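The following report describes a protein chain and the ligands placed with it. Please read it alongside the sequence and the three-dimensional view.

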Amino acid sequence: MADPVPIAMGQGSSCWGCFQSLVDIHLRLADVLPALDIKYWQAVADFKLHHLESYGDKSIVVGLYEGMARTEEDIHLLKLMREKCQIMIAFGSCSCFGGIPGLANQYDIEECYDVKFRENKTVKGGKVPSENLPGIASVVKPNTDYIDFDIFLPGCPPTSDLIFTAVSALLSGQPIDLPPHAVCHYCNREKKETPVEKILRPYEGIADPDRCLLEQGYICVGSSTWGLCEGQCVNKGATCRGCFGPTPPITQDHGAASISMLGSYAPLETEEIRQQVKDPLGTFWRVDYPTSHLGRMRIRREEAKEK
Ligand code: SF4
Ligand code: SF4
Ligand code: SF4
């Protein structure tokens, strides 16, 4: 048997769902784990940051970074992993695009503190904690603003099958060959090319189980979303909310493509659409606001304030 491959798994600001999905490969872990020499995985094994700091540059073959880098500690870990690892994987949509935590960029940091600490409904006279905590960046920047990645593995979270495929390819020295199709490609629903008369919230009406949800008025962003999940929501009755981000090349603006598709299906006045779509940022840029054109402008504005 070949020598185990040195691997590091780091976590920035995130929910741990991506690593949970890795653990969810269940019995197949029995095949994968003996092939790994885990050098760092702070959430699972008792490694400290100084262990990672002590390894030689590029001495670890594969690094997976989950989450976005909001605190100084996250940013340090991200840069450190780039130094130590030969192949860096942006693991999950937070790491690839900023993820759901990136939606915090529609507020400034003081407004975030208000919601979290000062005016939190479960706390009276709340204060922002300040002792023994790392500094926090004023805005969520995409991880790619700090380091280059070799592989992007999006998903919120990436499916266990996708993780298994990717890790197995890496361990056998093969390239990770991911199909480029959008979610619509995997969707079993029929499209009749009929216009949308009214935009519906998911709880309104009862959707025809065989017809395209978007044509029925439910906002489904499957046409602009990378279908690495093989359409698991749309084939089970729920709309696609875009959790795998844009189709390759993943640098395109996912939300703009989704709005364009909605516009072509819904011949409604702009104001009518604006009133019917609640939370446009969360609907069209659910996992990739920081990497979008609008999100970039927001980040630049914050950077200009800091100069
Ligand atoms: S991509 Fe989704 S599942 Fe993964 S850490 Fe971010 S929020 Fe959690
Ligand atoms: S828009 Fe959604 S429901 Fe319609 S075909 Fe595409 S994935 Fe299926
Ligand atoms: S169908 Fe859409 S929301 Fe559901 S897992 Fe796939 S990409 Fe994510």
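The secondary structure of the protein chain comprises 11 helices and five strands, where helices (H or I, at least four residues) and strands (E, at least two) are DSSP runs numbered from the N terminus. The radius of gyration of the chain is 21 Å, close to the 19 Å that the globule rule gives for 307 residues, so the chain is as compact as a globular protein of that length. Here the radius is taken over C-alpha atoms, and the rule is 2.2 Å times the number of residues to the power 0.38.

This is a predicted model, in which local features need pLDDT of at least 70 and side-chain atom pairs count only at pLDDT 80 or more, while totals for chains, interfaces and linings use all residues. Residues are numbered from 1 along each chain as its sequence is written, and chains are lettered from A and ligands numbered from 1 in the order in which they are written.

**Overall fold**

Along the principal axes, the C-alpha atoms of the protein chain fill a box of roughly 60 × 55 × 35 Å. Of the 307 residues, 37% are buried, that is, they have 20 or more other C-beta atoms within 10 Å of their own, with C-beta atoms placed from the backbone (12 or fewer: exposed; in between: partly exposed). Among contacts (C-beta atoms, placed from the backbone, within 7 Å) between residues at least 6 apart in sequence, 74% join residues at least 24 apart.

**Ligand surroundings**

A residue is counted as near a ligand if its C-beta atom, placed from the backbone, lies within 6 Å of it. In the classes below, Ala, Val, Leu, Ile, Met, Phe, Trp, Tyr, Cys and Pro count as nonpolar, Asp, Glu, Lys and Arg as charged, and the others, Gly among them, as polar.

| Ligand | Residues of the shell by class |
|---|---|
| Ligand 1 | six nonpolar, six polar, one charged |
| Ligand 2 | nine nonpolar, two polar, two charged |
| Ligand 3 | seven nonpolar, four polar, one charged |

Around ligand 1, the nearest of 13 residues are Ser14, Gly17, Gly92, Cys94 and Cys156; α1 (17-23) and α5 (93-97) each supply at least two residues of this shell. Ligand 2 is likewise surrounded by 13 residues, the closest being Cys184, Cys187, Cys212, Cys220 and Gly222. The residues around ligand 3 include Cys229, Cys233, Cys240, Arg241 and Cys243.

**Gly155**

Gly155 lies in the loop between β5 (151-153) and α7 (160-171). Gly155 counts as buried because it has 22 C-beta neighbours inside 10 Å. Beyond its neighbours within four places in sequence, its contacts include Gly92, Leu228, Cys229 and Cys243.

Notes
Contact = placed C-beta atoms within 7 Å.
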